[in-house]
Amino acid sequence: MTLPLFAPTMPPMAITPLFTSAELDTQIAAFKQAMLDVAGGKRVRLNTGGTDREVTSEDLPELRKQLEWLQAERVRLSVGHGPQFLPGRPRRS
């Protein structure tokens, strides 16, 4: 007999965030500095939690993409998961 992964009688598990706010801020600052240095023509060594690599100007789009992901994680951490209520009134014509 196999048990379902989620039974209706079990309360759903809370999703724990991947990073803390301080960790996100540290990573965002490191990636921003790396982008500035690379844009200035420097070669930068970037340690991203276990991988140490050198980034060049060819990696700028990837750095931007990583920054966007980190920012989205920071927003997700501050806002929370699930539907959001935005108060307002519809415009009448």
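Gly40 sits out in the open: it is exposed, with a relative accessible area of 63% (exposed means over 50%, buried under 20%, and partly exposed in between, using a 1.4 Å probe and protein chains only). This is a predicted model, in which local features need pLDDT of at least 70 and side-chain atom pairs count only at pLDDT 80 or more, while totals for chains, interfaces and linings use all residues. Residues are numbered from 1 along each chain as its sequence is written, and side-chain values use heavy atoms, with hydrogens and water left out.

Gly40 belongs to the loop between helix 1 and strand 1 (helices are DSSP runs of H or I with at least four residues, strands are runs of E with at least two, and both are numbered from the N terminus). The C-alpha atoms of Gly40 and Ser57 are 8.8 Å apart, though 17 residues separate the two along the chain. Gly41, which follows helix 1, has a positive phi, near 95 degrees.

Now for helix 1 itself. Buried residues of helix 1 include Leu24, Ile28 and Phe31.

In the largest nonpolar core, Phe31, Val38 and Leu63 touch the most other members out of 14 residues. Helix 1 gives the most to this core, with six residues. Such a core is a set of buried Ala, Val, Leu, Ile, Met, Phe, Trp, Tyr and Cys residues joined through side-chain atoms within 4.5 Å.
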